[in-house]
Amino acid sequence: MKFMKLGLNPDTFYTEEATRTVISDVPTDLTIRIDGMSYLLHKSCLVPKCGLLQRLLSEEGDGAVELHDVPGGEEAFELCAKFCYGITISLSAHNFVPAFCAASFLRMTEKVENGNFIAKLEAFFSSCILQAWKDSLITLQCAERAYEWCENLGIVRRCIESIVDKILTPPTKVKWSYTYTRPGYVRKRRDSVPKDWWTEDLSCLGMDMWSSIVTTISSTNMLQPQLIGEALHVYAQCWLLDSSEGSRDSPNRKRRILETIVRLIPAEKGSVSIRFLLRLLSSANSLGASSVSKAELLKLCGLQLDEATLPDLLLPAQSPNAAASHDIDLVKMVARSFLRQWKRRNTAGESQPLRAMHKVGNLIDSYLQVVAKDARMPAQKMVSLIESIPATARPQHDHLYKAINIYLKEHPDVSKADKKHLCSFLDCQKLSPEVRSHAVKNERLPLRTVVQVLFFEQEKGNTTTDKKHTSSKQLENSVVRDDLSKLKVTSSAAAAAAAEEQGNGTRPKAHGTSGALHHSMRDKAQLSQESEAMGDAAAPQLNPSNRAQMRSLSKMTHIKR
């Protein structure tokens, strides 16, 4: 931090009751009242340097002046008074703003006297404060207390310009100190500067100053949208989300911060993470943010839901008295927003692969497995969450089966109607063999569901048997056709040879061809008959295991009746 010292005389100001005065052999002849404090001073020291006092004393002439609206108050005025007395004062970014505003208020300009206070403060501001990164931030932070004065004097504009210029500087050329305390970051080399080095220091500013800088940076289009998004995330973390700093703010201020952050989110997809968006949406609901902000967040969350992980969705319920421990309604709304946008893009002719839909389906089913363990989770919320995504989002139902099974285990008192409703979403065709094997033995499932699984298993077994039988018949027929073809070729060759021998006057020899043909045809016919007999024996029927399970189910049904 830069400092500037002015004056050589020792500090001789002291307080007596509600009066501040200076030790001097010369009697005081000027009284200045500021709020509840009276200053007993000398005209010869202050009036030559203060244009305002010259005008007021010329009008009143009694040596008493009321200055209750000095920017910066008593401390700022005293800095100006000490400068007039030549008392040593130390100026820095922390007290520059009140000193500059008070000097401007008192009109301590060069027109009044050469080398006056404003000129020295201006030199310090230009050559020191604006050249330093943290000094510019501190000055801008102090300017919030006297914003109108600082805005009119150009302090705000010049500080913002200096800060933006430094933010847009390539990281390799950043030579000034900055604050960077991200978890897991280790600065390995002196010249290793992260691209978002500026975001943490910037979060010390109030919302208006901070948003002005972020807006200016965004308008240049010189930084990646992800860097703007990181600045939003750091500021929200500091003042809005899980922060001791932000916890002291009123709900109204937090709501304004949230709505400002939402307005500043870049339009490019992925500029902020889905986890951050979901947390913002949760805060928007709890703070009662505007409908515009909530609608925008819901749209952005739906657009990036396929990028989310299970921990991203595990947001606590808005109220401790809610029906469930997790914010089920938020996840359900985001899932439906994703589906609406997915359908809209498909309607517009954009090719939307099912991969994103399947990722969301798997994510929702994983979420269901977690919330199903909640003892307060009502069956109706489970049902509504299952229905939030279409059937096409679930190419397999193993995860859904596991979620329903967990819910039935953790809620043994669930009604039969709710149990049937939950299990009605299961599709036996989308269950793996291992899960179907578990389902037929699962006593928590309704009897109808178990019977459906059993019949599906039986139909699948019959289909497999039929396919094997058909393949066997096709193979046998192919073998018979090949043998018959070979026999025909052999018979034709034998007849040709006999004709040739007869033409030569020789008697044909017996090769046993017709006997071989007779025996071969007889064997194939017998093989065909055996094959048909095997096919009749393999007709569809319940295997012993399924028959035992069906008898057990029949007994259970009889007992229930």
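This is a predicted model: local features need pLDDT of at least 70, side-chain atom pairs count only at pLDDT 80 or more; totals for chains, interfaces and linings use all residues.
Colleague: Is Asp35 buried, partly exposed or exposed?
Modeller: Asp35 has a positive phi of about 55° although it is not a glycine. Its relative accessibility is 47%. Buried means under 20% and exposed means over 50%, so Asp35, at 47%, counts as partly exposed.

Colleague: Which loop holds Arg107, and what is its relative accessible area?
Modeller: Arg107 is not a glycine, yet has a positive phi of about 60°. The loop that holds Arg107 is the one between H4 and H5. Arg107 is partly exposed, and its relative accessible area is 41%.

Colleague: Which residues does Gly115 contact, leaving aside its neighbours within four places in sequence?
Modeller: Gly115 also lies in the loop between H4 and H5. With a relative accessible area of 33%, Gly115 is partly exposed. Leaving aside neighbours within four places in sequence, the residues in contact with Gly115 are Phe83, Glu110 and Lys120.

Colleague: How many Å apart in space are Gly115 and Lys49, C-alpha to C-alpha?
Modeller: Along the sequence, Gly115 and Lys49 are 66 residues apart. In space, C-alpha to C-alpha, the separation of Gly115 and Lys49 is 9.6 Å.

Colleague: At what angle do helix H4 and helix H5 pack?
Modeller: Two packed helices are described by the distance between their axes and the angle between them. Helix H4 spans residues 96-106 and helix H5 spans residues 117-129, with axes 9 Å apart. H4 and H5 pack at an angle of about 150°.

Colleague: Is the crossing of H4 and H5 left-handed or right-handed?
Modeller: The sense of the crossing is a separate item from the angle. H4 passes H5, and the crossing is left-handed.

Colleague: How do the residues of the contact of H4 with H5 divide into nonpolar, polar and charged?
Modeller: On the H4 side, the residues are Phe96, Ala99, Phe100, Ala103 and Ser104. These meet Phe117, Ile118, Leu121, Glu122, Phe124, Phe125 and Ile129 in H5. The residues of this contact divide into 10 nonpolar, one polar and one charged.

Colleague: Which element gives the largest share of the largest nonpolar core?
Modeller: The largest nonpolar core has 159 residues. The members that touch the most other members are Ile32, Leu67, Phe77, Met108, Phe117, Leu202 and Ile213. The largest share of this core is nine residues, and the element they come from is H4.

Colleague: With which residues is Leu202 in contact, leaving aside its neighbours within four places in sequence?
Modeller: Leu202 is among the core residues that touch the most other members. With neighbours within four places in sequence set aside, Leu202 is in contact with Leu137, Ile163, Ile167, Trp210, Ile213 and Val214.

Colleague: What is the relative accessible area of Ile163?
Modeller: Ile163 is found in helix H8, residues 155-167. Its contacts, leaving aside neighbours within four places in sequence, are Trp133, Ser136, Leu137, Leu140, Leu202 and Ile213. Buried means under 20% relative accessible area, so Ile163 is buried, at 0%.

Colleague: Is Gln369 buried or exposed?
Modeller: Gln369 is found in helix H17, residues 354-371. Not counting residues up to four places away in sequence, Gln369 touches His399, Lys402, Ala403 and Ile406. The relative accessibility of Gln369 is 13%, so Gln369 counts as buried.

Colleague: Is Ala267 buried or exposed?
Modeller: Ala267 lies in the loop between helix H12 (251-264) and helix H13 (274-287). At a relative accessible area of 80%, Ala267 is exposed.

Colleague: By how many Å are the C-alpha atoms of Asn252 and Ala289 separated?
Modeller: Asn252 is found in helix H12 and is partly exposed, with a relative accessible area of 47%. Asn252 and Ala289 are 37 residues apart along the chain. Their C-alpha atoms are separated by 9.3 Å.

Colleague: What percentage of the residues of the chain count as buried?
Modeller: The chain has 24 helices and seven strands. Its accessible surface comes to about 30500 Å², of which 52% belongs to carbon and sulfur atoms. Of the 561 residues of the chain, the part that counts as buried is 43%.

Technical notes. Residues are numbered from 1 along each chain as its sequence is written. Side-chain values use heavy atoms; hydrogens and water are left out. Helices (H or I, at least four residues) and strands (E, at least two) are DSSP runs, numbered from the N terminus. Buried means under 20% relative accessible area, exposed over 50%, partly exposed in between (1.4 Å probe, protein chains only). Contact means heavy atoms within 4.5 Å. Axes are lines fitted to C-alpha atoms, for helices over the stretch in contact, and angles run from 0 to 180 degrees between N-to-C directions. A crossing is left-handed if the near helix is turned anticlockwise from the far one by less than a right angle, and right-handed if clockwise. Ala, Val, Leu, Ile, Met, Phe, Trp, Tyr, Cys and Pro count as nonpolar, Asp, Glu, Lys and Arg as charged, and the others, Gly among them, as polar. Accessible areas come from the Shrake-Rupley method with a 1.4 Å probe; for residues, only the protein chains shown count as cover. A nonpolar core is a set of buried Ala, Val, Leu, Ile, Met, Phe, Trp, Tyr and Cys residues joined through side-chain atoms within 4.5 Å.
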